Amino acid sequence: MVSVSININGKVEMPSVEERTLLVNFIRDNCRLTGTHIGCDTAQCGACTVHLNGKAIKSCNVLALQADGSNVKTIESLIQTDGNMHPMQIAFNEEHALQCGYCTPGMIMSALSLLEMYPNPSEDLIREQISSNICRCTGYHNIVKAIKSTAVKMYSAK
Amino acid sequence: MYSFKFHHAKNLVNASELLAGNAEAKLLAGGQSLLASMKLRLNNPSALIDLKALVDLSGIKISPNEVVVGAMTRHAQVAGSIEVQNAIPGLHHLAGSIADRMVRNMGTLGGSLANSDPSADYPAATLALNSTIDTNRRSIAADDFFKGLFQTALNDSEIITQVRFLIPKRSAYVKFKHPASRYAVVGVFIADFGHEVRVAVTGAASCVFRHAEMESALIKDMSINSIADIKTPTSNLNCDIFADEEYRSYLVTRMAIKAVEKINQL
């Protein structure tokens with residue numbers, strides 16, 4: 001067992017973990033933040049997507065020790081100070097961009113980092129860039145719509 | 001995943017010492033292939049030596065003849081570099097086509113080359129661009145580096161520090177990608193240096209290889225017609241549930257044709 005220190009959503013967590021602990025297990029089991037999901041466990045489906053020092057990564061394919069001393073943001077960080085949902089979450093709701101919802105936390109964390117790189121993405125670019133995340137309800141049309149409408153809302157004012 | 005010890009390497013010397021003292025240890029660069037194989041218990045290192053703190057190994061430098069990329073440079077950095085795009089468009093495109101955005105934020109050039117996965121993208125660019133792989137011990141020409149399935153010329157305690165890619169006149173990389181992992185089922189990198197054309201094929205065989213028949217055809221005539229009828233012998237090609245040898249042989253020619261089309265549009 002080794003100690004690890006990770007700032008998760010603004011709170012520093014310092015439990016002792018086994019060296020082989022994956023970041024996603026650290027988030028879910030040690031921090032009890034279960035919004036981040038484990039889907040394929042092979043870095044293909046993207047359900048476990050979180051932000052590590054501001055960059056989207058697949059937390060099932062990273063050791064907790066690799067994030068030692070880093071900042072991690074999960075889906076739980078998106079709640080607004082007034083208690084409302086984040087604009088991306090509202091857009092997913094409005095556009096019916098989820099059915100079972102299992103892929104949704106990863107989709108949203110992936111989509112937010114996508115918009116940071118490409119504030120005004122075309123539909124083709126969105127489709128290419130979210131191929132990192134798999135939705136087995138195959139609701140991609142509405143997911144693309146939700147990301148596009150969020151881009152318009154979040155970035156058109158800038 | 002089996003248990004292992006974990007070391008944060010402080011610097012290159014420290015990493016080399018840790019590695020030399022433990023034959024079963026492995027270096028951890030980005031971990032995007034290594035951790036996946038450890039989860040499947042295909043890899044069972046006694047210790048991982050994390051190179052994250054070796055910031056000197058990360059970065060991109062451009063000289064008139066070379067693009068020099070540090071071993072710990074993430075794929076996303078190369079894919080996001082306008083300087084690389086201007087110097088070697090094929091390399092820039094390749095980096096942006098590796099896996100997906102999340103994997104590119106973790107995966108590193110050095111990790112990809114040291115692993116030498118038969119379907120990895122970077123070996124194709126490294127071989128086609130007549131690159132030199134610098135380690136903490138020596139410099140290795142790309143032609144001497146890739147030795148076989150997950151095999152390289154690296155010694156036990158040797159660490160890649162940077163790769164020097166020669167800047168060609170024109171270059172292009174085209175791959176037929178696996179739809180989930182985005183690995184190259186077959187990928188072809190063509191580099192035109194004027195006096196020489198180099199064609200490197202990844203994904204098709206146990207290890208990246210140069211396609212001599214295509215190279216000699218393309219140096220005479222950089223056109224689709226000069227390679228359209230070239231058939232790659234199937235005897236050494238890979239066969240898996242995604243593509244058999246015949247199909248991979250077909251894909252080598254198809255991807256090469258598309259790469260020539262791209263080069264001729266530059």
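In this predicted model, strand E2 of chain B and strand E3 (residues 47-50) of chain B run parallel and are joined by four bridges. Looking at one of these positions, B:Lys26 finds its bridge partner in E3(B) at B:Leu48. The two strands belong to an open sheet of three strands in chain B, ordered E1-E3-E2 with parallel pairing. Its edges are formed by E1 and by E2 (25-28) of chain B, each of which pairs on one side only. On average, and with direction ignored, neighbouring strands of the sheet are turned by 25 degrees against each other. Helix H1 (residues 12-20) of chain B lies across E1, E2 and E3 of chain B, and runs at about 150 degrees to E2(B).

Strand E1 of chain B also brings us to the contact between the chains. Chain B contributes 19 residues to this contact, and chain A contributes 22 residues. On the side of chain B that touches chain A, the elements giving two or more residues are strand E1 (5-8), helix H2 (34-39) and helix H6 (101-106) of chain B. H6(B) gives the most, with five residues. Sorted by class, this side of chain B has nine nonpolar, five polar and five charged residues.

Turning to chain A, a helix pair can be described in some detail. Helix H3 (residues 104-117) and helix H5 (residues 140-155) of chain A pack with their axes 11 Å apart, at an angle of about 45 degrees. H3(A) and H5(A) are therefore oblique to each other, and H3(A) passes H5(A) in a right-handed crossing. From H3(A), the contact is made by A:Met107, A:Ala111, A:Leu114 and A:Leu115. H5(A) meets them with A:Ile143, A:Ile147, A:Thr150, A:Ala151, A:Met154 and A:Tyr155. By class, the contact of H3(A) with H5(A) has nine nonpolar residues, one polar residue and no charged residues.

Back in chain B, a single loop residue deserves a look of its own. B:Thr232 sits in the loop between helix H10 (212-220) and helix H11 (245-265) of chain B. Because 23 C-beta neighbours lie inside 10 Å, B:Thr232 counts as buried, the cut-off being 20 or more. Once its neighbours within four places in sequence are left aside, B:Thr232 is in contact with B:Ser249, B:Val252 and B:Thr253.

Terms used: Residues numbered from 1 in each chain as written. Chains lettered and ligands numbered in written order. Predicted model: local features only at pLDDT ≥ 70, side-chain atom pairs only at ≥ 80, totals over all residues. Contact = placed C-beta atoms within 7 Å. Nonpolar A, V, L, I, M, F, W, Y, C, P; charged D, E, K, R; others polar. Axes fitted to C-alpha atoms, helices over the stretch in contact; angles between N-to-C directions. Parallel < 35°, antiparallel > 145°, perpendicular 65-115°, else oblique. Left-handed = near helix turned anticlockwise from the far one by under 90°. Pairing = 2+ DSSP bridges. Buried ≥ 20, exposed ≤ 12 C-beta atoms within 10 Å, placed from the backbone.
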